[in-house]
Amino acid sequence: MQLTKGYTTITDWLEAKGFKPFLFQEQTWQHIITGESGLVNAPTGCGKTFSVFLGSIIDFINRHPADYKKKAGSGLQLLWITPLRALAKDLGRAMQEVIEELDMSWEIGIRNGDTSTAERTKQKKRMPEVLIITPESLHLLLAQKGYPDIFKSLKIIAVDEWHELLGSKRGVQVELAISRIIGCRDSGISIWGISATIGNLEEAKEVLLSALKQNGVIVKATNQKQIDVESIIPDEIEKYPWAGHLGIKLAHKIIPIIQQSRTTLIFINTRGMSETWYQTLLDVCPDLAGSIALHHGSIDMELRTWIEDNLHTGNLKAVVCTASLDLGVDFRPVETVIQVGSPKGVARFLQRAGRSGHSPDAISKIYFLPTHSLELMEAAALKNAMTNGIIESRQPMLLCYDVLLQFLNTLAISDGFKPEILYEEITATYCYRELLKEEWDNILHFLTEGGLALHQYDDYKKIEAADGLFKIKSRKVAMRHRLHIGTIVSDAMMKVKFMTGGYVGVIEEYFISRLEPGDVFTLAGRNLEFVLIKEMTALVRKSAKKKSIIPSWTGGRMPLSANLGKKLRETLDQSGDKNRMSGVRELEVLAPLFELQKNLSHVPKQNELLIEKIETKDGFHVFVYPFEGRLVHEAMAAILAYRISRIRPITFSFAMNDYGFELLSDQPIPLDDTNVYALFSPQNLLNDIQRSVNSTEMARRKFRDVAVIGGLIFQGMPGEKKKARHLQSSASLLFNVFSEYDPANILLRQAYQEVLDQQMEEARLRDMLQRIQQSNIIITHPQQLTPFCFPIKVDSIREDLSSEKLEDRVKKMQQQLETGE
């Protein structure tokens with residue numbers, strides 16, 4: 001590292017505080033002062049933020065060695081893009097502290113949905129030296145007239161938590177914004193991504209730096225964080241497990257963990273279950289009242305901020321949370337993390353483990369609490385994957401036409417754009433590098449003339465071209481566009497308020513629409529009685545009733561990742577061998593369950609696919625166990641049903657979980673050794689997908705999101721947003737128009753492609769079928785339900801029964817199976 005003025009200033013300051021920079025931080029600083037770009041990769045809590053932030057300060061001091069302290073109003077130096085608003089406040093606080101201690105006159109500004117109008121006006125007059133911003137707010141900056149002036153002095157763009165943005169449309173927004181900032185600059189600019197570990201770091205760097213046309217560097221931290229994983233083992237292992245109920249029964253086991261730790265985060269996979277857990281922990285240990293909190297995305301922002309502040313100060317003993325606390329907010333007091341149920345992926349588990357022991361030398365302690373006994377197998381698989389450094393990749397998104405349409409409208413309401421120049425910039429990004437000139441011309445035609453299908457409607461002729469400059473001249477169109485910049489399309493949310501005033505949080509509109517006045521539901525840890533809906537607000541009063549409906553949020557069904565599925569199959573391989581099981585506590589306690597599975601049917605090895613054919617009073621069942629996650633299983637169940645129905649006309653009902661799926665019919669199912677490989681063939685897969693699932697209906701639902709992002713549907717003014725069903729009917733209408741009059745429409749194509757990629761996981765489905773062709777398929781005919789098929793069977797009856805009735809019914813089923821009735 002060169003001993004420059006900037007370097008010595010920073011190292012002296014660190015030394016005075018008793019710190020010494022890590023090697024990866026010094027390497028990043030060196031790359032920054034030589035004007036390079038790249039990606040910093042380090043475990044959570046190892047100082048990734050400071051590697052780039054202090055690097056930008058060193059660079060600034062080197063350029064102004066004599067007067068760096070007095071140099072106020074230097075213009076924007078560092079643009080810091082962050083995916084979460086919650087991170088912004090935290091980062092701003094940490095950066096401000098450094099600036100004050102160095103006695104510099106830099107200003108740190110924050111720009112996101114929570115920024116006041118006064119603060120925005122102040123920023124407009126004089127930009128701070130550091131601006132912390134979300135992707136959506138960055139696009140709003142590009143919608144200001146004269147925006148290139150903002151970036152004139154900019155030296156570094158930092159993209160925090162790049163692994164979170166990559167593989168999402170928000171990541172594409174970042175790519176487009178970077179390409180435009182580079183395009184309106186004369187001199188060089190550095191771009192730095194900050195990322196936790198993912199499987200495709202090289203590709204992540206390539207996506208980020210694509211518009212720069214540079215290779216860049218990857219700086220990796222060598223200091224590996226030590227993670228200690230401990231499974232919470234139930235006192236009795238159920239031989240017939242089922243999902244969801246076991247976790248709550250083990251709540252008493254985590255009370256001592258909470259009491260022994262300074263602060264504990266308890267991660268729950270769904271908002272609905274987090275409400276249940278919060279209540280249960282208070283019921284089991286009333287002493288926690290006042291020192292335990294609930295944090296998820298639907299809770300009022302003020303309350304969330306209060307919780308985050310109290311996590312910082314160590315006033316809270318425990319917080320029950322969802323993915324809302326996944327990312328880098330640095331809560332130093334957190335000593336312990338408890339993961340309830342499968343995290344569905346290795347990367348997510350590591351990320352959550354890293355929330356504890358946040359200083360670089362501290363051990364991260366995470367407990368795994370299974371929600372049914374088979375999940376202990378996942379705990380063993382997770383440990384194995386972590387030991388072998390196997391982590392999921394994040395696949396970058398390609399050709400998101402909806403985001404591109406939105407971006408072109410954004411530029412058209414500020415200074416306008418010249419298509420030939422912009423096409424060069426856009427095709428320099430990773431997402432649009434294969435955008436054909438013909439597609440580009442179609443997009444421009446669509447924005448100026450409404451395309452082939454909508455040319456008779458003036459509403460869709462948003463952009464006007466004059467002297468080669470494409471601009472939106474209508475103030476109404478410009479205002480509407482500004483209100484809806486962004487790519488997060490969630491289900492319509494409704495505010496929940498007390499009749500007496502006072503705000504509780506938000507809840508999905510479809511959940512409220514199913515309630516009758518007098519029904520009691522839980523939100524933000526309170527039991528609330530629904531009274532009425534008034535002006536897009538659900539009015540409620542407190543309820544003393546013990547029984548309540550837990551809202552189910554649509555985000556609750558994440559599938560198992562491909563990596564974890566592969567490790568799970570390897571772990572099963574171990575379970576058949578007593579020697580290989582010894583020392584793996586989770587597998588040792590599951591031994592009786594595996595023994596029963598073996599006696600009744602078979603425990604599949606890594607190179608085997610198990611199919612169980614069982615006849616019960618419900619009918620004829622086929623259970624298949626690929627261990628590929630629920631989305632792949634859902635698609636495969638439909639394809640298998642379609643392929644079998646071509647042998648014999650037969651109807652099925654389906655059920656699935658992350659381990660396997662079930663087909664149930666009232667007549668014998670023609671699947672046996674003679675046709676099984678053909679039924680699981682990858683041939684004609686796309687055709688069979690189209691015929692077996694209602695892909696048109698799925699594309700129609702997906703098209704709603706595409707149309708909203710692309711600006712084809714106006715969502716309404718703030719406070720009077722259109723209802724979800726109105727949006728869906730507008731989208732349906734457009735979908736029908738395009739299907740009939742413009743079948744090659746790019747947005748239509750995109751909707752079908754997203755269904756294949758995201759809802760069907762078509763690439764993973766194909767990989768699975770190819771793997772099965774190389775595997776031994778084992779068909780067994782058990783005389784009763786087995787430990788493996790039992791949880792799938794329970795899932796199939798879950799929809800029809802209340803939770804109490806379901807538990808009674810399952811107990812009865814378990815007793816019958818254990819007594820062999």
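This is a predicted model: local features need pLDDT of at least 70, side-chain atom pairs count only at pLDDT 80 or more; totals for chains, interfaces and linings use all residues.
Biologist: How are two packed helices described?

Modeller: Two packed helices are described by the angle between their axes and the distance between those axes. Here, helix H1 (residues 5-16) packs against helix H3 (residues 48-63) at an angle of about 130 degrees, and their axes are 7 Å apart. H1 is therefore oblique to H3. The crossing of H1 past H3 is right-handed.

Biologist: Which residues make the contact of H1 and H3?

Modeller: H1 contributes Lys5, Gly6, Tyr7, Thr9, Ile10 and Trp13, while H3 contributes Leu54, Ile57, Ile58, Ile61 and Asn62. By class, seven are nonpolar, three polar and one charged.

Biologist: At what angle do helix H25 and helix H27 cross?

Modeller: The axes of H25 (residues 630-647) and H27 (residues 685-692) cross at roughly 90 degrees and come within 9 Å. The two helices are therefore roughly perpendicular to each other. The contact includes Tyr642 and Arg646 of H25, with Asp688 and Ile689 of H27 among its residues. In this contact, five residues are nonpolar, one is polar and four are charged.

Biologist: How many aromatic pairs does a search of the whole structure find?

Modeller: The search finds 14 aromatic pairs. One of them, Tyr625 with Phe788, is edge-to-face, with 5.8 Å centre to centre and 70 degrees between the planes. Tyr625 lies in strand E22 and Phe788 in the loop between strand E25 and helix H32, 163 residues apart.

Biologist: Is Tyr625 buried or exposed?

Modeller: Tyr625 has a relative accessible area of 2%, so Tyr625 is buried. Phe788, at 4% relative accessibility, also counts as buried.

Key:
Residues are numbered from 1 along each chain as its sequence is written. Side-chain values use heavy atoms; hydrogens and water are left out. Axes are lines fitted to C-alpha atoms, for helices over the stretch in contact, and angles run from 0 to 180 degrees between N-to-C directions. Helices (H or I, at least four residues) and strands (E, at least two) are DSSP runs, numbered from the N terminus. Angles under 35 degrees count as roughly parallel, over 145 as roughly antiparallel, 65 to 115 as roughly perpendicular and the rest as oblique. A crossing is left-handed if the near helix is turned anticlockwise from the far one by less than a right angle, and right-handed if clockwise. Contact means heavy atoms within 4.5 Å. Ala, Val, Leu, Ile, Met, Phe, Trp, Tyr, Cys and Pro count as nonpolar, Asp, Glu, Lys and Arg as charged, and the others, Gly among them, as polar. Rings of Phe, Tyr and Trp (its six-membered ring) pair if their centres lie within 6.5 Å; planes under 30 degrees apart count as stacked, over 60 as edge-to-face and the rest as tilted. Buried means under 20% relative accessible area, exposed over 50%, partly exposed in between (1.4 Å probe, protein chains only).
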